[in-house]
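Subject: Structure handover

Hello,

Here is the structure for you to take over. My notes follow below it.

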Amino acid sequence: MPYVKKLKIKGKEYWYMFHTVRDGSKFRKISKYLGKILPENIEQIKENFLKEIKKPKIEDKIDNTTKLIESLTPLERKVLPVLKENKELNEIIEKTGLQEVEVMRALQWLENKNIINVKKDLQEVISLDNNGKKYLKEGLPERKFLQSLTSELSLGEIKNKANLNDDELTISLGQLKKKAAITFVDKKVKITEQGKKLLKKESLEEQFLKKLPLDVSKLEPEEKFAYESLKKRKRIIKTNLIKIRTVKLEKLGEELSSKNLKTELVESLTPEIISKNNWDKKTFRRYDIKINVPKIYGGKRHFVNQALDYARNIWLEMGFKEMTGSIVQTSFWNFDALYTPQDHSVREMQDTFFIENPEKGQLPKKELMDRIKRMHENGGSIGSTGWRYPWNSEEARKNVIRTHTTVLSAQTLAEIKKTELPVKFFGIGKCFRNETVDWSHLFEFNQTEGIVVDEDANLRHLIGYLKQFFKKMGFPEARFRPAYFPYTEPSLEIDVYHPVHKKWIELGGAGIFRPEVVIPLLGKDIPVLAWGPGIDRIVMDYYKIKDLRMLYKNDIKQLREIKTWWK
Amino acid sequence: MPTVNLNKKEFEKLVGKKLPLDKLKDRISMLGTDLEDIKGNEIIVEVFPDRPDMISEQGFARALSSFIDAKTGLREYKVKKSNEKVIIESSVKDVRPYTACAIVKGIKFDNEKIIQVIQMQEKLHVGYGRNRKKVAIGIYPFEKIKTPIYYKALDPEKIKFRPLEFPREINGRQILSQHPAGREYAHLLEGKKKFPVFIDSDNKVLSVPPIINSHETGKITEQTTDVFIECSGFDFEVLNKALNILVTALADMNGEIFSMELNYGNKKITTPDLRSSMINLDLKYTNKILGLNLKENEIKKLLEKMGYDYKNKKVLVPAYRADIMHQIDIIEDIAIAYGYENFQEEIPNISTIGQEDEFEIFKRRIAYLLTGLDLLEASNYHLTGEEFLNKKMNFNSDFIKVKKAVNNDFNILRTWIIPSLMKTLSENKHYDYPQNIFEIGEVFTKGKTETGIKEYCRLGVTLCDKEANFTKIKQILDYLFRMLNLEYTIEDTEHSSFIPGRVGRVIVKNQKVAYIGEVSPKVITNWDLTMPIVALELNLSDLFDTI
């Protein structure tokens, strides 16, 4: 930092400012005279002083023109010097010896840098059509007609001799009659004096064909006459609209085209350049680093799986253990163990996928089965009435594709040792419902399941766990409404608030397992908090997918472009 | 879920208190039902299937008026004695053994009320009555009936009457084939030699439950004031509940309830029985489950908000409640009365260790190795169709079919993953190649398990590009196994989906774990593709078990 010092010179006091700078390996002191009295705005002066002595940056040293020259590609370097003399595309192509695409590309780049301006005009250009090409070689049919008339001939003879087709014969006849080049003598054709004269010189049409291609707007009067006449005839000439590019050098371009562009610039850095150890003597062409690059796509996990992994991680953070299990289950586990009566509508075929073959599976050990049977029939002896119907073990054997991940909770409850309590489990997995597919219905969907088995668990804990989970999922607000499920009591419906759409999203159910579920599986009435909300709605919302089917459409473009899950 | 249409004006009168619309919406949803729609003067609500007592305008209003403190506590319904009898003959024992009956008098039936009663009957049939199997309900104009009424089972050919809205008289057997209701519910009388009937003392048939009423004696009109109601089925308690739900709703239409004497042989029972039942409530248990600290008088108040009474540690449950099996059902009602929105969330201070399933970790490792090779992960359905699984693959695998799938393209469980990936490729022909994709998912085969179905988790990889070849797919396999530090060998095999001589089985520790090869041009063409495809299918479950 600069400092201020008072110096006494010949008895008088002077104020100076000093600053030490490094100059290579040496240090140098720079000073500034401030006056006989110390100025008040000393901080401002310090700042300015620093600015003055600061070494100019490398960028500042090189002026913009040099930078620009160093950024020109080899193609631009070839094209730019010829632009002063040549303004049109074909001239530039000819002069540079480059391909048309190369020139076009160079012009585009130069234009992007404001070095040139390319004016694009539409031009109507006349060129030879198929017959035109032929006649240019062989001569027009009327000339061949006249040439054949070394004597008086019938039309048929002329046709053969001059090798004309019917069309050509007719049109020649018309043309020559109009120009009084022939007369008819006893149905034979004879050349007139006028005709002989015509034979000796090129007609306007013939001259015109030789000059093609021509711009319609720039025709001379005689050319115009020939153009009108030939236009009416079959496929001799054609007109096309062509984009004409005219190059104009901008001010910057004028300046650059007078500079020497021939400096050797390094394009790609190659192993040779590096190993020859002479790269420091070379200049690297400056790249336009702002330019758009072609897109690339990496390998990526499916976006639904990314979301499921994220949810999985939240449960892990919250101290939950993962439970997994089969997709195909017996009705016993999917329904009966969860106290869903056998005549419940969910157990009908229009809701649930039943397996045709093998239609039935095995029941668990008799002791457990009997406990479940008693719960359904009369509530065992736990102070419940049960569902009051004869429970049928054959119905329980029916295989189904699981309708909810709650089946995993039932199986886990049956396995837990009471000495391990409290325990917390989660599961994430596919569930199935026999449903017609449309934008809001799918026969496969994902649920996230959870249970907390804790002697002291209560409804407020249930709300606590769920709110925490959804907060981490990106929904700070959740609300709970009464709901009904055969296996929970109290039961709740979970809604989360969508902060952008300002509406509640219904996600599914939760509750505390009924004693009729817990006691036969666990052997004791311990509160079991349980939930199984759907997760697809959240995934859809995050990826702004409106149609549920798009989750598993596997559209490669969608998979390539879709952003990564980042809540 | 069943819905109930409420006439706003009538409903407000029944509730006894007018609420602003948003407040009404909120209260309805916090009572445990769902407001579906409001159309002018009509409010449509959804009712959960455990509350059949709420599927009438009257029943719904009754519950809401307690909940919003307009009229709390247990409702008293008077039952007068009628001296009318229903004689149940033992012949019904094997067909449809029980009935519970009542008479309700003095209702001014207009068109709207008739519709309401019919709808209530229908909704009870569908839900609580399990499509008439458990409960079938008949409602008859009482003035057309001569008592006592008989409930018996007769030879169907001998039951002759004109069914409701039918042009002529037919017999019991013909009803099942000719009458629309007969056809719909025929299965409920399938195999029965005799059909149940209600018949009056003039020998007029009132109905054949659970199928159809008589046109003459079983149709309510605007002239009707008194009705005879019967519920028939297999469980007397269930029938009582259904009857109670009906008569209390009719009483709320200003009807007077009269009991009937049911003669089951020598046993005489009087229905309806509208006395409340009593359930012990454990206050400590209640507070423990809810995480609250409610005092007895607070609990009493909350119970009254849900239509109960509370006396001497006992809850008096209204006779129309069909959902109370255990005190936990009452505890839920206490929670609803307390208001779900009023529960303060809490995360308990208990320590548990989180743990991910090891196989899930393994699967994720594999997925990340593959994405590192620039492969895209696909995710397809587990259900597929035979066309995709076998025909297009030029393959023949034994698969597992589901019953009556709504979508015929998705009626079998997939047995391998590659067909799913082939389907994906065939649907993405318009995008740039290479298309290199993989999927990790479940496949299903028959096996020795609880269900008889074994599930495996498999990895499928397909490379689809003009330069795809065996080397490239083997490089992927080789990379995976090197990263997993596993030795493998490949032996020649034949597989009709692949080119002969370019397909192999991969073996790890003597276990066949994978197929690898170049997909046969026949299969590629079957899928309407023109690009070479190489594929790999690796059994991750087996692989995981070996390591």
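Contact here means heavy atoms within 4.5 Å. The model is predicted, and the values below are computed from it.

Arg481(A)

With that cut-off, Arg481(A) touches residues of both chains: Ser491(A), Leu492(A), Glu493(A), Asp495(A) and Glu506(A) in chain A, and Ser29(B), Met30(B), Asp34(B) and Tyr340(B) in chain B, leaving out residues up to four places away in sequence. Arg481(A) sits in strand β16 of chain A, residues 478-482. Its relative accessibility is 5%, and residues under 20% are classed as buried, so Arg481(A) counts as buried. The side chain of Arg481(A) also makes a polar contact of 3.4 Å with the side chain of Glu506(A).

Chain A overall

Chain A has 24 helices and 19 strands. The chain is divided into domain 1, residues 3-55, and domain 2, residues 304-561. Taken over C-alpha atoms, the centres of these two domains are separated by 79 Å. The radius of gyration of chain A is 46 Å, whereas a compact globule of 567 residues would have one near 24 Å. The C-alpha trace of chain A spans about 135 × 120 × 50 Å along its principal axes. Of the 567 residues in chain A, 49% are buried. Among contacts in chain A with a separation of 6 or more, 64% are between residues 24 or more positions apart.

Tyr14(A)

Tyr14(A) belongs to strand β2 of chain A, residues 12-23. Tyr14(A) is buried, at a relative accessible area of 18%. Setting aside neighbours within four places in sequence, the contacts of Tyr14(A) are Lys5(A), Lys6(A), Leu7(A), Ile9(A), Tyr33(A), Gly35(A) and Lys36(A). Leu38(A) is 24 residues from Tyr14(A) along the chain, and their C-alpha atoms are 8.6 Å apart.

The seven-stranded sheet of chain B

Chain B contains an open sheet of seven strands with mixed pairing, in the order β19-β23-β24-β28-β27-β26-β25. The edges are β19 (376-377) and β25 (489-492) of chain B; each has a single partner strand, so one side of each is left without a neighbour in the sheet. Helix α13 of chain B, residues 418-426, packs on this sheet and touches β23 (435-446), β24, β26 (498-508), β27 (511-519) and β28 of chain B. The direction of α13 makes about 140 degrees with that of β23(B).

Within the sheet, strand β24 (residues 453-464) and strand β28 (residues 533-539) of chain B run antiparallel and are joined by seven bridges. One of the pairings is that of Leu459(B), whose bridge partner in β28(B) is Leu538(B).

Strand β1 of chain B covers residues 3-7, with Val4(B) and Leu6(B) on a covered face and Thr3(B), Asn5(B) and Asn7(B) on an uncovered one. In a regular strand the side chains alternate between the two faces of the sheet. Five bridges join β1(B) to strand β3 of chain B, residues 42-47, and the two run antiparallel. Asn7(B) stands opposite Glu42(B) in β3(B).

Helix α3 of chain B, residues 57-67, has eleven of its eleven residues buried, so the helix is largely enclosed by the rest of the structure. The buried residues include Glu57(B), Arg62(B), Phe60(B), Leu64(B) and Phe67(B). After α3(B) comes Asp69(B), which has a positive phi near 65 degrees.

- Leu212(A) and Pro213(A) are joined by a cis peptide bond, with omega about 0 degrees. Pro213(A) is in the loop between α12 (204-211) and β7 (214-215) of chain A.
- The peptide bond from Pro209(B) to Pro210(B) is also cis, with omega near 0 degrees. Pro210(B) is in the loop between β11 (205-208) and β12 (212-213) of chain B.
- Arg130(B), a residue other than glycine, has a positive phi near 45 degrees. Arg130(B) lies in the loop between α4 (111-126) and β6 (135-141) of chain B.
- Lys404(B) is not a glycine either, and its phi is positive at about 45 degrees. Lys404(B) lies in the loop between β21 (400-401) and β22 (412-413) of chain B, and is exposed, with a relative accessible area of 65%.

Regards

Note on methods:
Residues are numbered from 1 along each chain as its sequence is written. Chains are lettered from A and ligands numbered from 1 in the order in which they are written. This is a predicted model: local features need pLDDT of at least 70, side-chain atom pairs count only at pLDDT 80 or more; totals for chains, interfaces and linings use all residues. Side-chain values use heavy atoms; hydrogens and water are left out. Domain bounds come from an automatic or database domain assignment. Buried means under 20% relative accessible area, exposed over 50%, partly exposed in between (1.4 Å probe, protein chains only). Helices (H or I, at least four residues) and strands (E, at least two) are DSSP runs, numbered from the N terminus. A polar contact is a pair of N or O atoms within 3.5 Å; within protein, one must be able to donate a hydrogen and the other to accept it, and residues adjacent in sequence count only if both atoms are side-chain atoms. Two strands pair if DSSP finds at least two bridges between them. Axes are lines fitted to C-alpha atoms, for helices over the stretch in contact, and angles run from 0 to 180 degrees between N-to-C directions. The radius of gyration is taken over C-alpha atoms; the globule rule is 2.2 Å times the number of residues to the power 0.38.
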